[in-house]
Structures are given as C-alpha cells and as structure tokens.
Amino acid sequence: DPHPGNILKLNEPTPEGYTVALLDCGLMASIDREDQDHMISAVIHLANKDYASLVDDFIRLNILPTDCDRAAIIPLMDKALSPYVKGGGAKKYEEELKRLYGMEEDSMSSQVGGFQAMTQDALTVLNDVPFSIPPYFAILGRAIVTLEGIALTGNEDYGIILESYPFIARKLLAEDRPEVQQALQEVLFSVTDNDSSSGLKLNRLLALLNNASGSLGTKEGATFVDLDGVPEDGLSLGEGFKLLLSENADSLRKLLEDEVENIADVFFRQITRKGMTEAVVTFSPPRPPTLPFLGDILSPPKVQFDDIPLPFLLPTGEGDRITPSISLMTVNEFTHLIAPKLSRDEEIYAISLADAAEQFVGADAANFLRGDGIISTQTAQLVLAAATTGLLGNSNLLSTPNAQNALKSLTGLLQRLDQSSNGKKNVEEILTEATSQLSTDEKERLDEIVTELTRRILQRVRTRVGS
C-alpha cells in the first residue's frame, strides 16, 4: 500500500545502498518468473508502440484469449494506451483522449460526437474483447497507480513506462533466461523500416546500452522509446565499451557471440579483398609511354601483377594434423580462396555497420571497415593503435619497454606522415580513451573475446582452404 505515509526517505543509505524504506507490506502477491519475463516483453513493446506484439504478450499473460480478434484489438489498444504512455496521469490522459476523439472545448457537437465514438469503443471492448484480469494484476495495478500519483506531484509530466524502460534495458543485458533472450533478440535483430537485413542492428545495440544507463532516444514528441535512436548526450565510446564488457552484460555478450563472428568474417573478407586489389594496383609496374605513330611497338607488353602465379603457403589437414603446403596461384585466386566475395545482403549489412561505427569511432576506422584506403598512413595508425590498446588481443606481449619504445616511434612517424589529422583526435587517442576506463577483469574479458574471435576466423579460413 505505497501511499506517501508508507514511504520513508532514509537519512543515510543502508549497507546495500538503499535510500527509501517501504512500510505496510500486509497485502502481498507473488508473480512467477515466467510472468515477470512476459511483463518485460510487454513494456518493451508498449514503450515502442508495437501493439501487434503487445497482443501476444497479453495472451501469454492470460489477459487475452488465443483466438482474440487482433484486427479489432490493435486500434483500440492504440487509442487506450498511447495517451497513458505519454505520461501526465489522469488529467493529461483525459486531455489526450479528447484530442484523439476530436472533442473541442467550444464545440458541443464535437463533444457529443466524440463521446459517442468513445462510448462505442468502450462497448466494443466490453462486448467483443473477452479479456480477463489475473488476481495479482489488480493488486499490482493499484500499487503502480499509487506510486505514479506520488511521482506526478513532483513532475506533472511523469510517464511511468518511459521512466521504467532503463530498468527493463538493464534486465535485457543481464538476464539469460529464454524469454528475456527472445525479447533482447527482437530488440537487436528485428527488421525495421530503414533496415530490412536480418543481422544485428548496430544502432539498436548502441541505443540499448544508452537506455540501460538511463539515456533514452524518443520519438513522437518524446512519448515513445525509439529503439533505433542513439541520444546525442548519451554514453561515450569508452562508457559503452565498459558497460558491454561488464558482468552486467553477460546475457548480451552470449547473444552476440555468433553474430560478432559473422560480422568479423564479413569485414575480414571485405578488407582483404579491397586491400589486395589496392596492393596489386600499387605494386604493379607503370606502363611505358607509347610513341606517336609507333604506338607500343617499342614497348614490351605490360605484365599484370595479379596474373603472375606466386607460391602461397597454405594449411592442410584438420585439428592437430595441420601441415603447410605450397600452392601456386595468382593473387586473385588466393584472395577468392580465403575471402570469398560478399553477397548482396552481406554488402548492405557491412555498409550499415560501418556507417553506424563512424558515429563513435570516427571516419578513419569506418573507412578501414569499408576496406577503403588500406595502404595508407591512416590504416597503419589504426592497426597500430588497436595493437597497443589490446583490441587485437594479447596486449601483454607489447608491454615490454623495447616494444613500447618501438610502437611510440612508429606512431610518431605515422602522425608526421599523415597531415590530414591536424585539429582532430587521432584514432590512437580515441581507442586509448575507450580502453583506459576498463577494469582488470574487463580487460581480461576483452582479451578472451578477441582471442576466441581470432581463432574462429582463422578456422573459417582453414575450412575454405581445405575445401
């Protein structure tokens, strides 16, 4: 019964960090874990105005029957729930309902017509929608309404759905139960209006990390949560990186494990293919100039570097029996072997990921992921910075004084060669800031992830060579 007389603000936090005490817990209800998970899913769909999925949540919560008329229910949900999500309590709810039904203050006819339409919708709900309210829902609803009323005394625009969403986002990151994993998968992988690919939506991952930290991107006048919206004043790259590697994001890392492997393989193939093409162009000898009237008669035919068979050392066998063998093939043949051409869907996926990465890591890193300018000082700086900050794994190998001196000298040389970085943070500064906030445990997780990811990518390459 959480009315103001039953809530105390503590003078000092408890050892666990609690600052508020609740009294009078005589009337209690238990909500089983499965229903809690369905509620998490329902808040996500309600906050995102996904009423079609919300119907499924209500069916799982036994509020609606499995054979309910979805076509009739969804528009009624929109009218009944959208004003509530906007916040502001009963007063704002009434104002929003009047607006939805076209009830103008100075027009009696509009008020009569709006009231008739509202009455008809109410009768449709009562007569045509066979809903039921589980017993514990009544108790829970009363407690929530009471708490919301207290919040409205401090903020007349308070909206409990948006205010609760960061808590829901933190649940998604940490919980590994199947129902929560399914809800997390819907948030990160579901098809959107702007992206029809089936892979990870990087913008949604970045938005979710921001949501969990309490920063929301909103839509429709700051009424609903925008699952694709990354707040401008949200997490920095380092803060997001730290949250992703924390013990509170175990569920998220498990879900992303296979997808990150796919992403790494797509970028590996794209970078390798474009890099090899750039290398062939860079290292091919220039064609001698032609003479007027004589043409190429005095010039030898141009030798195409990518047409020359070269010896490549390839692994053969499986497991512990892998042995190297030499194979003669052209650069193009070798490239096609270890890095097959991306499909159209993979190309679109890679573009969307690189575009999203550009917002947080900068243009140089995004261009590297796109495979542009591989043979350049910017790319060399990027790879060197990744090695020194541990993003390539086994950072301890580079911790000796001699290695650090060599890396420092190379970094300084590359910065002097690259005149385009004046006035902006270079990639090493960005990555150093991102990794400097990590704890020892988080750095160990990063190293384990990178090591395992490298092993998986190399295994894919060996499989291609073996086939």
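Helices in this predicted model are DSSP runs of H or I with at least four residues, numbered from the N terminus.

View 1. Four acidic residues, Glu247, Asp441, Glu444 and Glu448, gather on the surface in a patch of negative charge. Of these residues, Asp441 has its place in helix 18, the run that spans residues 440-466.

**View 2. The salt bridge between Asp1 and Arg142.** Side chains of opposite charge can pair when their charged atoms come close. In this view Asp1 forms a salt bridge with Arg142, and the closest N and O atoms of the two are 3.3 Å apart. A search of the whole structure finds 20 salt bridges.

**View 3. Two stretches in which pLDDT stays under 50.** Over residues 376-382 pLDDT stays under 50, and the model has 20 contacts beyond four places in sequence for this stretch. Residues 413-421 also keep a pLDDT under 50, and here the model has 12 contacts beyond four places in sequence. For the chain, the mean pLDDT is 75, and 68% of the residues reach 70 or more.

Terms used:
Residues numbered from 1 in each chain as written. Predicted model: local features only at pLDDT ≥ 70, side-chain atom pairs only at ≥ 80, totals over all residues. Heavy atoms only, no water. pLDDT = per-residue confidence, 0-100. Contact = heavy atoms within 4.5 Å. Patch = residues over 30% accessible without salt bridge, like charges linked within 9 Å, V, L, I, M, F, W, Y side chains within 5 Å. Areas by Shrake-Rupley, 256 points an atom, 1.4 Å probe, with all protein chains shown as cover. Salt bridge = Lys/Arg side-chain N within 4 Å of Asp/Glu carboxyl O. Lys, Arg positive; Asp, Glu negative; His and termini not counted. Charge placed at Lys NZ, Arg CZ, Asp CG, Glu CD. Helix = DSSP H or I, 4+ residues; strand = E, 2+ residues; numbered from the N terminus.
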